[in-house]
Amino acid sequence: MKRSNFPYSSKTVLALFLKILSANRRILLTSTGVTIGIIFLKILGILQPLELITLDGFFRASPNPGTDRRIVIVGVNEKDIQKFGTQMSDAVLAELLQKIYAQKPRVIGLDIYRSRPIPPGSIELERTFVQIPNLIAIEKIPYKNDEVGIAAPATLKQKKQVGFNNVVIDIDGKVRRSLLYWHFEGKAHRSFALQIALMYLKAEGITPQAAQTNSDYLQLGQTVFRQFKSNDGGYVGADSGGYQILGNFRGPAGSFRTLSVSDVLAGHFNAGVLRDSIVLIGSTAPSMKDLFSTPYSAPQRVFGVEVHANFTSQILSAVLDNRPLIQVLPDKIEWLWIFVWSSLGAAISWKFRSPGRSALGVFLAGSMLTAVCYLAFLFGWWWGLFPPLLGLMISAVYITGYFAYLEEEFKKSREFLYSVINTIPDPIFVKDQKHRWIVLNQAYCKLIGYGYDKLIEKSEQDFFGSEEALWFRQQDEQVFHTGVEQESEEKFTDAKGNTYLIATKRSLHKDAAGNLFLVGVIRDITERKKIEEELKRTASELARSNQELKTSKDQFRYLAYHDPLTGLPNRKLFQERLSQSLDWAVVNNQKVALLFLDLDGFKQVNDTHGHDIGDLLLKAVASRLTRCLRGSDTVCRLGGDEFTVILTAIPGIPDAVRVAQKILKTLAEPFLLQDHSISVTSSIGISLYPLHSHDVETLINQADTAMYAAKEAGKNRYEIAAE
């Protein structure tokens, strides 16, 4: 075809045309812009109050996990204050502690300041402090410039039975975070709740350690306590001093069993209620004003002793009951989370177009988002709700407004489209859903052989043969039905009877009013098809040659990694398998055993029966080793009569020993080879990751050394590497 002198390429103009007809990229642009704006608002801290309110709502809506039976609060209530005064004397406190200690609790926590004596009974109280080994008292650390510290009893301070009771309060006056450690005056201090929890867990055989995944994090048992960062979750620039974690509160005020001081002193409580439990002594009198707001504080605030009970229960429940700690999404994942919902809001408005239907769709999507975030919270994840919800709504509103603008602009652009499309040398047509041509360029009219006025508002059935018209209609219907862009090839006969091979690319588009249009672009491919047939023959030959090369490559790889005699992995593959096993063991906290085997008397077999029999013996040994081990274990031949066995997920040394004994017994049975009965034994060295070493080479050397020790000790036995 003859090309015009139009200064722009047909692809450029066609792209402009399609962009006007279909602006689906607008969803991406809108959602990206909205996401960036919301992230900016979040960084400025504008959304923080709303996110904290949402978090509180999730706490209040979540099912109550029930009373923690491990904790009992002995509260100083209003009646106790009337009876003993606002500050109990040392004599009353000593008597209270002794009566509680007599019930054999596991830990006693004293959430009452005792920085100075309150006679009478000061000597008796000091004696009580000395006599009770499981008593934890409080101190207050002046970790802010405007705070005044309060010391703990000197006796308990000396015994290191003290924890600070400072709490971190958010900008809205609520406690949502637990402070576990604080460095003050060059020393690390533990919180009151952490000290109590550690003493309780010590009886369970659980002590604090550095987490394997991050040595800066505290780990108790299998639970890692991730340290709070200043921008975690919905927080922005929050105080992250010390070692904090997000608090997972058990419930509102009254969530723990409570006794009064008078009840305990009078013995008015069930026997055994305090046995092996945590007893927290603190104020439960509103007049003492030891009250704090938590996520459950509507309408009632909780006493300070209940806050510490919540923090203690959170630690114990996470370690012993697998109750999840509150986790947050990394920043980039959270940004993606906002982007996904912003995109959904834009897509909903793009799909429905109608403001009413779009509003309903956004409402349903917002409800789904809320449900997803709530379910995630039940599993211990704080996923931001308000930022993606805001993105969902803003994107939807913007796209709705964009369509109103687009509808007006489309009317203005229609005449421009006619002038542009006629400059494109490739035949182009646009059809409505009734398969009528509503837009045609001059190139299409020239290809068909009829004038524009005769073709417009008509269809192929009016001009083409029945078979060609049916084929075109079927292709159009498929695109209308699926909405998927499609390219097809067909024969075409023009008005003069000339037949062409053409490629037609069809795609579906909507105008601002939501009407569907089929846009088709045609290329004459008669000459191209001839070239393609020639290329197919060449490609077939190349594919055959490529397959032969691939087969050769696979064979070379197998020979490079396997022993040619036994078919077992060779030394190179053994090194890779052992490294992979150790990496897997690190991630899954498992053990890996390495057995180093050497046949006893193999040289004598070669000398007596010849190398052919020796080779048959090595193959038979490899077969027996493979059959007597698990499918997950790896048997390798390093060379000569040396073999290794990698045992993954092995519980310990006794289990590796049982495998070694099984191998010794299996290999000790005679081998029948070409009418020869051959008897050999083996010596085995055993090393275990991580008991003996953490790296591959040391583990191999230790197993090898242990194997030689077995030979020197008399052969046909195993030896374990020295620790």
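Arg 177 lies over the face of Tyr 235, at 4.8 Å from the ring centre. A charge is taken to sit over a ring if NZ of Lys or CZ of Arg is within 6 Å of the ring centre and within 35 degrees of the ring normal. Arg 106 is likewise placed over the face of Tyr 200, at 3.9 Å from the ring centre.

The model is predicted: local features need pLDDT of at least 70, side-chain atom pairs count only at pLDDT 80 or more, and totals for chains, interfaces and linings use all residues. Residues are numbered from 1 along each chain as its sequence is written, and side-chain values use heavy atoms, with hydrogens and water left out.

Rings of Phe, Tyr and Trp (its six-membered ring) pair if their centres lie within 6.5 Å; planes under 30 degrees apart count as stacked, over 60 as edge-to-face and the rest as tilted. By this rule there are 17 aromatic pairs. The ring centres of Phe 58 and Tyr 374 are 6.0 Å apart and their planes stand at 50 degrees, so this pair is tilted. Because Phe 58 belongs to helix α3 and Tyr 374 to helix α12 (residues 355–378), the pair ties together parts 316 residues apart in sequence. Helices (H or I, at least four residues) and strands (E, at least two) are DSSP runs, numbered from the N terminus.

Phe 58 is buried, at 7% relative accessible area, whereas Tyr 374 is partly exposed at 22%. Buried means under 20% relative accessible area, exposed over 50%, and partly exposed in between (1.4 Å probe, protein chains only).
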